[in-house]
Amino acid sequence: MALTDLHLLSASDAARLMRDGTLGSEELVEACLARIREVDAEVQAWAFLDPDYALSQARAADQLRLSGQAIGPLHGIPVGIKDIFDTADMPTENGSPIHAGRAPSRDATAVVRLRTAGAVIMGKTVTTEFAYFSPGKTRNPHNCEHTPGGSSSGSAAAVAAGMVPLALGSQTNGSTIRPAAYCGVVGFKPSHGLISRHRVCALSRTLDHVGLFGRTVEDVALLAEQLAGYDEADPDTRPRAAIPFATVASEEPPVPPVFALVKTPMWERADGDTTEGFAELAEELGEQVEEVVLLPSATAAWELHQIIMSAEMAVNLEREYNLGRNRISEKLRKQIELGRDVRAIDYQRALARIAPIHESFVELFQQRYDAILTPAAPGPAPKGLDATGDPSFCTLWTLCGMPAISLPLMQARSGLPIGVQLVGPRGGDARLLRTARWLMEKLAAEEEGS
């Protein structure tokens, strides 16, 4: 592959070439930096980028490999980090002027694990204000008049535009799945508590997840394998044996997967391109897909999510609200004020209702289905940069802490990508990745044969 094309490598392919000695980290990072110089003036995916520092990390990675020492699974691979993850060697400003110039002294646990795996921390990608709704400067690489989604806007756009093969994001509602769908990349939100959120800007302990972006399912599986695990600093993680996500994701399912098409009460928001695309997908899958109606208890999810998120955001952003409410957006200010008015009894009731909703899905998976099939967003990325789009097709799965992945399998008449979301049982992340890879390969083979 020519130097000018190296930025298009998947992380998995780049890692293999790095291990073989065919590719150097400096070579790959320089190709990514060249791509950034070419397109980022328009896309604006980066909140912080120091090219010289990125190259110095790459050179150190190459020297380590040439010395014959053991290297990690992500050795020399550049990764973009959403600017809500603390980085000891780069500013972390959380998308807000209140935190301008903030320079943490320690890395977030996820960043520590990336460094341990040998990754090059390329820079910090743009986030919406405190990972909520108020947009940053990033534009959609497919059409810069359209939103890239949010809140992980810079991470999704950077991967989509070929600036980095991997990036970290987060999701409290739809902040990984939606921008992945809008930007046409693979976005993975693991089960709640699978990846530590220590030293990541907190909005809601109940709802916050680390999110992953890559070019392929294999890429996000490789990334998840390095990040998953217990961290005593995150009380929602737990000790468990290491899961070989990449290996499981690459395996053939023992039997062809069966999908539950779940439209949710939000289906009426889906546009024509999305409804037509899902009708075609269901026809393509034939007997492997069945439409399933949600139990009545699950239809309350959107109200419950709002109560929990607003109350917990009001606590986590109390200092920022008290000291700088005139420097935060109206959207965020109203959300915090809404949370300050939530009654304790309503908050506790909302928390208690999550488990029964989740249990209804556990039974669904145990009985028959490998994954839920549902849109990632109502349609392609909306035109305009003053909003980040509708997260409602993600809310239920985030509330239940279930793993979800967005796959770039459809295209609108406008040429913009449309994401297909697969959802698995909580804790069934590796199997969900395997099912997602199977679906992508099946549809790609059928497209080639048609």
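1. Which residue with a positive phi follows α5? Gly162 comes after α5, and its phi is positive, near 80 degrees. Helices (H or I, at least four residues) and strands (E, at least two) are DSSP runs, numbered from the N terminus.

2. On the basis of this note: the model is predicted, so that local features need pLDDT of at least 70 and side-chain atom pairs count only at pLDDT 80 or more, while totals for chains, interfaces and linings use all residues. Residues are numbered from 1 along each chain as its sequence is written, and side-chain values use heavy atoms, with hydrogens and water left out.

3. Buried means under 20% relative accessible area, exposed over 50%, and partly exposed in between (1.4 Å probe, protein chains only). The buried residues of α5 are Ser153, Gly154, Ser155, Ala156, Ala157, Ala158 and Val159. In the loop between β3 and α5 lies Ser151, which a cis peptide bond with omega of about 10 degrees joins to Gly150.

4. The sheet is open and has 11 strands with mixed pairing, in the order β1-β3-β2-β4-β6-β5-β10-β11-β9-β7-β8. Two strands pair if DSSP finds at least two bridges between them. At the edges stand β1 (46-49) and β8 (289-291), each with a single partner strand, so one side of each has no neighbour in the sheet. From one strand to the next, the twist averages 30 degrees. Axes are lines fitted to C-alpha atoms, for helices over the stretch in contact, and angles run from 0 to 180 degrees between N-to-C directions.

5. Within this sheet, β7 (residues 259-261) and β9 (residues 371-375) run parallel and are joined by 3 bridges. Phe259 has Ala371 in β9 as its bridge partner. Helix α2 (residues 25-43) packs on the sheet, where it touches β1, β2 (78-82) and β3 (120-125), and its direction makes about 20 degrees with that of β3. Contact means heavy atoms within 4.5 Å.

6. Helix α10 (residues 301-316) packs against helix α12 (residues 330-340) at an angle of about 100 degrees, with the axes 7 Å apart. That makes α10 roughly perpendicular to α12; angles under 35 degrees count as roughly parallel, over 145 as roughly antiparallel, 65 to 115 as roughly perpendicular and the rest as oblique. The residues of this contact divide into 7 nonpolar, 4 polar and 1 charged. Here Ala, Val, Leu, Ile, Met, Phe, Trp, Tyr, Cys and Pro count as nonpolar, Asp, Glu, Lys and Arg as charged, and the others, Gly among them, as polar.

7. The largest nonpolar core has 138 residues, and Phe361 and Ile405 have the most contacts inside it. A nonpolar core is a set of buried Ala, Val, Leu, Ile, Met, Phe, Trp, Tyr and Cys residues joined through side-chain atoms within 4.5 Å. Neighbours within four places in sequence aside, Phe361 is in contact with residues including Leu294, Ile372 and Trp397.

8. Gln44, in the loop between α2 and β1, has a positive phi of about 60 degrees and is partly exposed, at 23% relative accessible area. Arg199, in the loop between β5 (186-189) and β6 (209-214), has a positive phi near 65 degrees and is partly exposed at 29% relative accessibility.
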